[in-house]
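This briefing is meant to be read alongside the sequence and the three-dimensional structure. Please keep both in view while going through the points.

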Amino acid sequence: MGSRAARGAAARQAIEGIRELAGAGLTVDGVFRGADGILRGVLEYDAVCRHSADPATGLVTSVLSDDLSLDGFEAAVHLEVWADDVTTFPAIRRSGVRAETLSRATGGRPADSVRFREQLGPVAGCRTAAAAGTCCTARRSRAPGAAAR
């Protein structure tokens, strides 16, 4: 994306865009798609799967992905609800961080993550959990130009 200053300016612009989006009175799908339009170029991810979740329980209430097949979504929900993993949405919320990467959550050892071993494999992952219960996952391939799974 260029120089550090350019990345910082792009990040600030994206944050402002998300603030405007949040107050625009859009549907959940509208917010998700708008956020994708703002963040995809800044975060440089290949694919995203967005979820809204019940803020009290963290249970997923809707799913939207224009990039990924949802064929394996049942397995993803199983990992989210029953796996002892470091990047479940409730764990992210409790940690106080707004976004978590597998690399950071595992101290640079992503293979320690059940989600990495059983779902993501060699794909870098970033998971975010908002206090209001809206969650999204973004997957970025390690190799530039690699296709999303």
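Predicted model: local features only at pLDDT ≥ 70, side-chain atom pairs only at ≥ 80, totals over all residues.

Residues are numbered from 1 along each chain as its sequence is written, and side-chain values use heavy atoms, with hydrogens and water left out.

**Helix 2**

- Helix 2, residues 28-43, has 16 residues and reaches 21 Å from its first C-alpha to its last, close to the 22 Å expected at 1.5 Å a residue (the expected span being 1.5 Å times one less than the number of residues); helices here are DSSP runs of H or I with at least four residues, strands are runs of E with at least two, and both are numbered from the N terminus.
- At G37, helix 2 bends by about 30 degrees, the bend being the angle between axes fitted to the seven residues ending at a residue and the seven starting there.
- F32, A35 and D36 are buried in helix 2, where buried means under 20% relative accessible area, exposed means over 50%, and partly exposed lies in between (1.4 Å probe, protein chains only).
- Just after helix 2, E44 takes a positive phi of about 55 degrees.

**Helix 3**

- A76, L79 and E80 are the buried residues of helix 3.
- These residues lie on the same side of helix 3 because they cover an arc of only 95 degrees around the axis, the arc being that of the directions from the helix axis to the C-beta atoms.
- E74 and W82, by contrast, are exposed on the other side of helix 3.

**The nonpolar surface patch**

- L59, V81 and W82 make a nonpolar surface patch of about 340 Å²; patches consist of residues with over 30% relative accessible area and no salt bridge, with like charges joined within 9 Å and nonpolar side chains (Val, Leu, Ile, Met, Phe, Trp, Tyr) within 5 Å.
- Accessible areas come from the Shrake-Rupley method with a 1.4 Å probe, and for residues only the protein chains shown count as cover.
- V81 is found in helix 3, residues 73-82, and counts as partly exposed at 39% relative accessibility.
- L59 sits in the loop between strand 1 (47-53) and strand 2 (60-64), and is partly exposed with a relative accessible area of 47%.
- L59 is 21 residues from E80 in sequence, while their C-alpha atoms are 8.9 Å apart in space.

**Salt bridges**

- The count comes to 7 salt bridges, by the rule that a side-chain nitrogen of Lys or Arg is within 4 Å of a carboxyl oxygen of Asp or Glu.
- One of them joins the side chains of R40 and D36 at 3.1 Å, N to O; being 4 residues apart in helix 2, the two are separated by about one helical turn.
- D36 also forms a salt bridge with R50, with the closest N and O atoms 3.2 Å apart, and this pair links distant parts of the chain, D36 in helix 2 and R50 in strand 1, 14 residues apart.
- D36 is buried with a relative accessible area of 14% and R50 counts as buried at 3% relative accessibility, whereas R40 counts as partly exposed at 23%.
- D112 forms a salt bridge with R109, the closest N and O atoms being 2.9 Å apart; D112 is partly exposed at 47% relative accessible area, and R109 is partly exposed at 49%.
- Salt bridges that share partners join D36, R40 and R50 into one network.
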